[in-house]
Amino acid sequence: MSRNKIEKLQNEQTTENNTLSGRDYKYGFVTEIETDRIPEGLNEDVVSLISEKKNEPSWMRDWRLKAYRHWQTMKEPHWPNFQYSPIDYNAISYYNAPKKTTGKPKTMDEVDPELIKTFDRLGIPLTEKKRLAGVAVDAVFDSVSVGTTHQSELAKLGIIFCPISEAIQKHPKLVQKYLGSVVPYGDNFFAALNSAVFSDGSFCYIPKGVHSPLELSTYFRINAAASGQFERTLIIAEDDSYVSYLEGCTAPTRDENQLHAAVVELIAMNDAEIKYSTVQNWYSGDREGKGGIYNFVTKRGKCEGVNSKISWTQVEAGAAITWKYPGCILKGDNSVGEFYSVALTNHRMAADTGTRMIHIGKNTRSTIISKGISSDESNNNYRGMVKIMPSAFRARNYSQCDSMLVGNKCSANTFPTIEVNNNSATVEHEASTSRINADQIFYLVSRGLDTEGAVSLIINGFCKDVFKELPMEFAVEAVKLLEMKLEGSVG
Amino acid sequence: MSKEEITKMKDAMFEIKDLCVNVGKTTILKGINLTIHPGEVHAVMGPNGSGKSTLAKVIAGHPDYQATKGEILYEINRKKIDILDLAPEERAREGIFMAYQYPVEIPGVSTSVFLRAAFNEICKHQGAEEMDPLDFDAYLREKMKILNMDDKFINRPVNVDFSGGEKKRNEILQMAVLNPRFSVLDETDSGLDIDSMRIVADGINKLRRKDNAILLITHYQRLLNYVVPDFVHILRHGQIVRSEGKELAMKVEEKGYDWLS
Amino acid sequence: MIRNIEHITKSLIDERMPQWFNTLRIQGLSRFIETGIPAVSDPNWKYTDLEALKKLAFDVSENGELNEWELLNQFRNHKDINIVLLNGAFSVKHSDLDNLEKGVLVSTLHEAVKNNAPHIQERLTKYPMTDTAAFIALNQALNGPGVYILVDEKVVSNRLIHIIHVTHPGRQNFASMPRTLIVMEPFSEAAIFESHVAFGDSRTYFSNALTDIFMNENATLHYCKSQKESLKAFHIGHTRVWQERDSSFDGFSFMAGGRLTRNNVDAVLNGEGANARLNAFYSVNNSQHVDNHTSIEHRVPNCASNQLYKGILNDSARAVFNGRILVRPEAQKTNSYQLNKNLLLGSGCRVDTKPQLEIFADDVKCTHGATIGQLDEDEMFYLQTRGIGKNAASRMLAEGFLSDLLNTVKNAAVREKLNSLTRRSFEAS
């Protein structure tokens, strides 16, 4: 078959596909539930009220207020490579909790069945009978955690895995020591906002010498309208410990935009390893770009100890806009930072995501693998920073950023920055942009695949360096998610 | 003539005494003794991991291979010098040559420019006159004939995009050009087809003289059919476990290494 | 920075020049005064601090006469057509204007404006003034007589045209504003080499150069900008290339000197089948600072662009690279390649590199990369075991690092000149 014929064939398929609108967002339902809600608006009283509702000690409230006051002096950043309708911070409700969760339930049996059903529908069974083996789950619904599985099992090993609101009560010393130690409240506009109003998220503490036998995971669900979610997660891995942590997120289909501003802090001590994986599937708006989550996230890990390792793996497939740069501060000598990312944008989504690797210790190493896929009229950006400080002798970095364009109305941009202040450093950066090649598709089609099957094979090949970093179940989920998102976009 | 008689007849040019070598914290060579006289060809054989390449690297002076004990004496102007004290380039200028098992590719540096620079450094050190580019070109082409090498290759960057055989031939060419007194050939035969091996072996034989010596390091007996050694040493677990004449190589080929200990 | 800049306005107006040209100068001046010297908070100047430049005061008028013209001979080659400018002024006496090839026109730019050369107004007003181009505005306001070169349709010029910008002010700090306009008419071909040089390292000056190149259909230009200023000098330069259909620009920049150097090369690929090569070599020592910015805009389909920027840093020298590739939605079948490689030889050197790809078309092949590293230890050892000492080995490897770059220069005369210039820079370091 000649090239013209192939292209014609593909064009025909494109027209056909254009009539499809892609499979619907299957997590777009709303749970009808009575909530305890703080009315829209933000001021010091609201911050204090959130603190009060969570029954927090005064140091926590004071920290929130300090953050709030600092936030007021800051300006929303507009350097990311996308535009969005202005956010009215006074039109957001900063606290929404299902009523029946007030006075936290002791066992899963006491959780509102409506919520159990919701998480069931999201594929996250919470009850003892149905819960996933090998994965402990903390389920966060709007502003509160509704339940955490496997807690007692983990407690036997000395692992603390609980909602952060619970940790503030039960483990105040640990929280006070580490909260804000990696991402200070003044770090950036959204981190300051989060520090003032954060609701729930997970707290993990892995004691010295313990390798967590379970994957720890948090599932974030936004349900309430006109609300924001301000997740806060803190993971501490003591000397010679290991933990793999997973995070998933969804939200209902709504016409207005909702704000998700999270802060995640990781701390790894000597010889410790933290593996942090995300599959982000917030509602991304419709084909015309109406609705969807604004996802402004600050995630940072600190390799405090020697030989420590922090590895970020993310599959960013949802949200109307994503602003997110999970990074590592490589302070301990010989520490290792990794960032593996697949960012897929379709419809009119915009993603500005990447990483920051700050090398401070000697012999520190970092690896960055980023795969961006843009389709329809979306806009996908990689933004990265590798910084070798004068103290980082023999530091090494390898970065690879590839972009794939599917369709001719989208864009893919790459903005890496490399700053080298020590001459013994070795830094290598490679990037490429390409489209799904007609010859590749034809080759696969001639072997009996249909076009969509061929495309998904190519996409999976394109992303395999990232997928292989994900825990098995998540990898399968991620592949399905990308296929679903790309359906109707390829040709 | 017995081995002792030879030793009495003339002084050794190269002598390794009780040499122990570490790579990082691991000890690889554990007390090597070896004496080589002018005109001799010695073969060191041994299974993988016995320390053969370490021996080559430590003679050449690679910074990762640290001698913790012993000495390597080399005769320079009738004096025995411990070459462990010399920088790699000083060893080369005194006539020690190593043919690499894996020759290094150097993009951007042409083979002829590289070889002339090396040749002139050695000339300068030994008090001989340096050669101008034209004379050197003629000299190089003459040496290339020994190894059946294509003229084109001298303008290509050193070892870049060379086939395995070409790389090994290039090593022997360098030996021919630099005219060393003592050469260590590290697995020069590995990865070569029979024709390439014959060319390489022929080249080595043409370079054998009464006043130079060669240490062949090899895993296979095959090369020794073409370049016949005077002595064969078996290296196992970092020590020389047996030294005999060329027949030892045949025995190893037949029985393997396990009967030796 | 420029002494008495507010009072210069009057002297800009020259009755003998056309009205539009005087207006252009005044607009440039007010734009520069308005924007001022960019600070490090400006993303385009993040890694290059102009505070030192800002603090010094420079005169724009220079009356110093050069008595040692024979010093020029070190830069001249009798095989070339040499065009000499001293402190921005065209020296007819020292230029070879008598034996120009047929169809190659050389004059001062101001003369060409006065004589209303074809399309000259259109060309000098081609680019809209932007906020980010303070130094272009400054040159537009204060440029000296400059050079105008036009290569006529179908003319193939065989001799290298060598424009030598010499800055050698008297004892006063001096700001020079060299301005060059090159027009390649359809199907023409030429080789042009612009050198920015000084006599020694004693003088403090600021050279703010602006070169515009227009490539018409099927024209080919072999171009090199080389720069080796006084070690006390500041050099900020812009080269803008406008390319029409099937034109081919083979460009090279060689940056070796100055206290602070910023070199911008921008190409607009405005006609199908055009291709641009922007390669560069920078070699800096001591506490020299060199900043290279490139911008390539692909506006139409089937164009190719190539950038290979290599640098060697010694001592505490500092280098910056910022390369932007923009592929507009119409520019399908674009082929674009960019690579920045840095060799760090000094213990205090520093590199900041920032490639940027902005792609709005899907059927494109774009790759970019950056590497920062040292001499390869295995290669060093290999050379040492062949008797080559450490210094000679590292020089050999550094020259090897450069050689494939020089081999990309197609024109033999340009390549030869670059060869001898880069060799000198190795000897100096």
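Guide: Happy to. This is a predicted model. In chain A, strand 13 (residues 292-303) and strand 15 pair in the parallel sense, over four bridges.

Visitor: Which residue stands opposite Ile321(A) there?

Guide: That would be Tyr294(A), which faces Ile321(A) of strand 15 of chain A.

Visitor: And what does strand 18 of chain A do with strand 15?

Guide: Strand 18 (residues 350-359) of chain A runs parallel to strand 15 of chain A, and four bridges join them. One pair to look at is Trp323(A) with its bridge partner Asp352(A) in strand 18 of chain A.

Visitor: Are the side chains of strand 15 of chain A buried or exposed?

Guide: Strand 15 (residues 321-324) of chain A is covered on both faces. Ile321(A) and Trp323(A) lie on one side, Thr322(A) and Lys324(A) on the other, and all four are buried.

Visitor: Nice. Let's zoom out to the whole of chain A. How many helices and strands does it have?

Guide: Chain A has eleven helices and 23 strands. Its C-alpha trace spans about 75 × 60 × 45 Å along the principal axes.

Visitor: What is its radius of gyration, and how does that sit with a compact globule?

Guide: Chain A comes out at 22 Å. That agrees with a compact globule, because one with 491 residues would have a radius of gyration near 23 Å.

Visitor: How much of the chain counts as buried?

Guide: Of the 491 residues of chain A, 55% do. As for sequence separation, take the contacts in chain A between residues at least 6 apart: 83% of them join residues at least 24 apart.

Visitor: What about the largest nonpolar core?

Guide: The largest nonpolar core has 333 residues, and Ala237(A), Ile274(A) and Ile192(C) are the ones with the most contacts inside it. Strand 11 (residues 257-268) of chain A supplies the largest share of this core, eight residues.

Visitor: Which residues is Ala237(A) in contact with?

Guide: Setting aside neighbours within four places in sequence, its contacts are Ile206(A), Val243(A), Ile267(A), Ala268(A), Met269(A), Ala272(A), Glu273(A) and Ile274(A).

Visitor: Changing topic: which chains share the most contacts?

Guide: Chains A and C do, out of two pairs of chains in contact. Chain A and chain B have no contact joining them, and their closest C-alpha atoms lie 16 Å apart.

Visitor: How many residues does the contact between chains C and B take?

Guide: It takes 17 residues from chain C and 20 residues from chain B. On the chain C side, the elements giving two or more residues are helix 7 (377-384) and helix 8 (390-406) of chain C. Helix 8 of chain C gives the most, with seven residues. By class, the side of chain C that touches chain B has seven nonpolar, six polar and four charged residues.

Visitor: And inside chain B, in what order do the strands of the open sheet come?

Guide: The order is 2-1-4-5, four strands with antiparallel pairing. Strand 2 (26-36) and strand 5 (79-82) of chain B are the edge strands, each pairing on one side only. Direction ignored, neighbouring strands of this sheet are turned by 15° against each other on average.

Visitor: How many bridges join strand 1 of chain B to strand 2 of chain B?

Guide: Eight, with strand 1 (residues 14-23) and strand 2 of chain B running antiparallel. Within that pairing, Asn22(B) stands opposite Thr27(B) of strand 2 of chain B.

Visitor: Which helix packs on that sheet?

Guide: Helix 2 (residues 52-60) of chain B, which touches strand 1, strand 2 and strand 4 (65-76) of chain B. The direction of helix 2 of chain B makes about 60° with that of strand 4 of chain B.

Key
Residues are numbered from 1 along each chain as its sequence is written. Chains are lettered from A and ligands numbered from 1 in the order in which they are written. This is a predicted model: local features need pLDDT of at least 70, side-chain atom pairs count only at pLDDT 80 or more; totals for chains, interfaces and linings use all residues. Two residues are in contact if their C-beta atoms, placed from the backbone, lie within 7 Å. Ala, Val, Leu, Ile, Met, Phe, Trp, Tyr, Cys and Pro count as nonpolar, Asp, Glu, Lys and Arg as charged, and the others, Gly among them, as polar. A nonpolar core is a set of buried Ala, Val, Leu, Ile, Met, Phe, Trp, Tyr and Cys residues joined through C-beta atoms within 7 Å. A residue is buried if 20 or more other C-beta atoms lie within 10 Å of its own, exposed if 12 or fewer, and partly exposed in between; C-beta atoms are placed from the backbone. Two strands pair if DSSP finds at least two bridges between them. Axes are lines fitted to C-alpha atoms, for helices over the stretch in contact, and angles run from 0 to 180 degrees between N-to-C directions. The radius of gyration is taken over C-alpha atoms; the globule rule is 2.2 Å times the number of residues to the power 0.38.
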